[in-house]
Amino acid sequence: MAFLRSKLPFLSVFFFCFYVSPSISTNSEGNALHALRSRLSDPTNVLQSWDPTLVNPCTWFHVTCDDHNRVIRLDLGNSNITGRLGPELGQLQHLQYLELYRNNFEGEIPEELGNLKNLVSLDLYENHLHGEIPKSLAKLKSLRFLRLNNNRLSGSIPRELASLSNLKVFDVSNNDICGTIPIEGPFRSFPMESFDNNSRLNGPELQGLVPYDFGC
């Protein structure tokens with residue numbers, strides 16, 4: 001009996017960790033989404049269901065989870081939301097679709113989005129984002145759709161993005177992108193319309209003749 005009593009504290013801690021660790025993992029995603037919500041203006045109450053006191057965010061509107069209650073999709077396109085995107089988005093490790101198009105998001109694209117290794121689609125078009133395209137997006141090896149058009153982005157197109165072999169759609173039209181257009185990897189097949197209306201973008205790169213950021 002003395003031996004059993006001596007082991008009870010250990011066993012209690014073990015079973016506590018066993019039972020609560022899944023919800024802690026899930027709640028970390030809920031905390032990240034709630035941190036995002038706290039920095040946004042939501043005049044039409046699209047985010048009204050985002051209640052941080054719930055066990056996980058899988059019952060929230062515009063959030064989709066997989067069978068393990070992990071957030072895999074965030075659909076907030078065309079929602080009249082205003083504010084800045086924050087580094088907390090990089091904590092949604094299982095996210096596959098980040099759909100934030102046609103809103104009033106401003107500020108820079110967080111480099112932490114490069115942590116979303118399962119991301120398939122990143123749609124940030126038709127917002128008010130500025131600054132450069134983060135080089136960290138080149139870490140998104142599953143990415144197929146990258147649409148950043150109709151913002152206020154500047155700087156050159158990161159050459160690192162040419163390593164994204166699965167990228168099928170890329171659009172940076174209607175920004176203030178400068179330099180030249182990459183010609184390697186998936187950039188061989190993107191139509192010129194994907195780069196339209198960037199007055200300082202000089203066309204396909206002439207390797208060895210001018211630097212890729214010529215004109216920036």
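Reader: Which residue stands opposite G83 in β4?

Author: The residue opposite G83 in β4 is L40. Before we go further, please note that this is a predicted model, in which local features need pLDDT of at least 70 and side-chain atom pairs count only at pLDDT 80 or more, while totals for chains, interfaces and linings use all residues. Residues are numbered from 1 along each chain as its sequence is written, and side-chain values use heavy atoms, with hydrogens and water left out.

Reader: How many bridges join β1 to strand β4?

Author: A strand here is a DSSP run of E of at least two residues, a helix is a run of H or I of at least four, and both are numbered from the N terminus. Two strands pair if DSSP finds at least two bridges between them. In this model two bridges join β1 to β4, which covers residues 82-84, and these strands run antiparallel.

Reader: In what order do the strands of the open sheet come?

Author: The open sheet has seven strands in the order β1-β4-β6-β8-β10-β12-β13, with mixed pairing. Its edge strands, each pairing on one side only, are β1 (40-41) and β13 (200-204). Further in, strand β6 (residues 104-107) pairs in the parallel sense with strand β8 (residues 128-132) over two bridges, and here G107 stands opposite L129. Strand β8 is also joined to strand β10 (residues 152-156) by three bridges, again running parallel, and H130 has R152 in β10 as its bridge partner.

Reader: Is I81 buried or exposed?

Author: Relative accessible area decides this: under 20% is buried, over 50% is exposed, and in between is partly exposed, using a 1.4 Å probe and protein chains only. I81 is at 0% relative accessibility and therefore counts as buried; this residue is found in the loop between β3 and β4. Contact means heavy atoms within 4.5 Å, and, when residues up to four places away in sequence are not counted, I81 touches L40, S41, D42, L47, L76, N103, N104 and F105. The C-alpha atoms of I81 and P43 are separated by 7.2 Å, although these residues are 38 residues apart along the chain.

Reader: Which residues touch the most other members of the largest nonpolar core?

Author: In soluble globular proteins, nonpolar side chains tend to be buried together. A nonpolar core is a set of buried Ala, Val, Leu, Ile, Met, Phe, Trp, Tyr and Cys residues joined through side-chain atoms within 4.5 Å. The largest one here has 49 residues, of which L74, L98, L122, L146, L161, F170 and F195 touch the most other members. Two or more residues come from each of the elements α1 (2-38), β2 (63-65), β3 (71-75) and β12, and α1 gives the most, with three residues.

Reader: Which cysteine is joined to C178 by a disulfide?

Author: A disulfide is a covalent bond between the sulfur atoms of two cysteines. The rule used here asks for a pair of cysteine sulfur atoms within 2.5 Å, and the count comes to two disulfides. C178 is joined to C216, S to S 2.0 Å. This pair links distant parts of the chain, with C178 in strand β12 (residues 176-181) and C216 in the segment after β13, 38 residues apart. The torsion about its S-S bond is about 110°, so the disulfide of C178 and C216 is right-handed. The other disulfide joins C58 to C65, S to S 2.2 Å, and its torsion is about -95°, so the disulfide of C58 and C65 is left-handed.
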